[in-house]
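This briefing concerns the predicted model shown below. Please read the points that follow with the sequence and the coordinates at hand.

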Amino acid sequence: MTILGKSPAFQFYPEAFLSDENVQLMNYEERGIYITLLSHCWLEGSIPSDPEKITRLLKSGFLDLTHVLKCFTELEDNPERLINPRLDRERTKQFEWKKKCSKGGKVSARKRARGATRGGGGGRGRERRVAVATSRRRLRWRRVRRTARF
């Protein structure tokens, strides 16, 4: 089950993945398990710390998870759950980017609603601002009423 409001995907950096010493010490089966656990961790926010629960999560029998679990750390407030620090940083970066884009979009929408986009006239209002040369060779912004919309 996906956490509501969370991104369905995360950035994957092959160079960082392949150069990580923990990954280099894994065989291909362990790498597949690691990627699968990263995916579960992304969707759910964390994975169980109990190896038995992890093997049930992976729908597999007995597995040696020693190399794989080195890539995860316990949650500070819940020692029964594990997170991947790198994946957690990616989640934070995505959240901050989403917040920044949302804030910029709201500012832009307010400007368009007021019709205050400089020179572009991208607002939906009947007025727009245009640059007018003054006698002092400076530009001054003046509101101009639109006559036609194309």
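Lysine 59 sits in the loop that joins helix H4 (51-57) to helix H5 (66-69); helices (H or I, at least four residues) and strands (E, at least two) are DSSP runs numbered from the N terminus. Its phi is near 55°, a positive value in a residue other than glycine. Lysine 59 has a relative accessible area of 76% and is therefore exposed, where exposed means over 50%, buried under 20% and partly exposed in between (1.4 Å probe, protein chains only).

**Basis of the model**

- The model is predicted, so local features need pLDDT of at least 70 and side-chain atom pairs count only at pLDDT 80 or more, while totals for chains, interfaces and linings use all residues.
- Residues are numbered from 1 along each chain as its sequence is written, and side-chain values use heavy atoms, with hydrogens and water left out.

**Overall architecture**

- The protein chain contains 6 helices and 5 strands.
- Read from the N terminus, the order of its elements is α-α-α-β-α-α-β-β-α-β-β.
- Of the 150 residues of the protein chain, 23% are counted as buried.
- Among contacts (heavy atoms within 4.5 Å) between residues at least 6 apart in sequence, 47% join residues at least 24 apart.

**Helix H3**

- Helix H3 covers residues 28-44, which makes 17 residues, and reaches 24 Å from its first C-alpha to its last, close to the 24 Å expected at 1.5 Å a residue; the expected span is 1.5 Å times one less than the number of residues.
- The N-terminal end of H3 is capped by asparagine 27, which has a side-chain oxygen 3.1 Å from the backbone nitrogen of glutamate 29.
- The buried residues in H3 are Glu30, Arg31, Ile33, Tyr34, Leu37, Leu38, Cys41 and Trp42.

**Helix H6**

- The end C-alpha atoms of H6 are 44 Å apart, which agrees with the 44 Å that its 30 residues should span at 1.5 Å a residue.
- Asparagine 84 caps the N-terminal end of H6, with a side-chain oxygen 3.1 Å from the backbone nitrogen of arginine 86.
- Leu87, Glu90 and Arg91 are the buried residues of H6, and H3 is included in what covers them.
- Phenylalanine 95 is found in H6 and, because its relative accessible area is 48%, is partly exposed.
- The C-alpha atoms of phenylalanine 95 and serine 7 are separated by 8.7 Å, although these residues are 88 apart along the chain.
- Glycine 115 follows H6 and has a positive phi, near 75°.

**The largest pocket**

- A pocket is defined on a 1 Å grid over the protein atoms alone, as an open set of points where a 1.4 Å probe fits, with protein on both sides within 12 Å along at least five of seven lines; lining residues have an atom within 4 Å of a point.
- The largest pocket has a volume of about 300 Å³, the volume being the space filled by probe spheres set on the points.
- Its lining consists of 18 residues, and Phe17, Tyr34, Leu38, Asn84 and Arg86 lie nearest the centre.
- The elements that give two or more residues to this lining are helix H1 (14-19), helix H2 (21-24), H3 and helix H6 (85-114).
- H6 supplies the largest share of the lining, 4 residues.
- The lining divides into 11 nonpolar, 3 polar and 4 charged residues; Ala, Val, Leu, Ile, Met, Phe, Trp, Tyr, Cys and Pro count as nonpolar, Asp, Glu, Lys and Arg as charged, and the others, Gly among them, as polar.

**Two further partly exposed residues**

- Leucine 18 lies in helix H1 and counts as partly exposed because its relative accessibility is 48%.
- Apart from neighbours within four places in sequence, leucine 18 is in contact with Gln24 and Arg31.
- Proline 79 is in the loop between strand E2 (73-74) and strand E3 (81-83), and its relative accessibility of 48% makes proline 79 partly exposed.
- With neighbours within four places in sequence left aside, proline 79 is in contact with Ser49 and Glu74.
- The C-alpha atoms of proline 79 and proline 48, 31 residues apart along the chain, are 9.1 Å from each other.

Terms used. A polar contact is a pair of N or O atoms within 3.5 Å; within protein, one must be able to donate a hydrogen and the other to accept it, and residues adjacent in sequence count only if both atoms are side-chain atoms.
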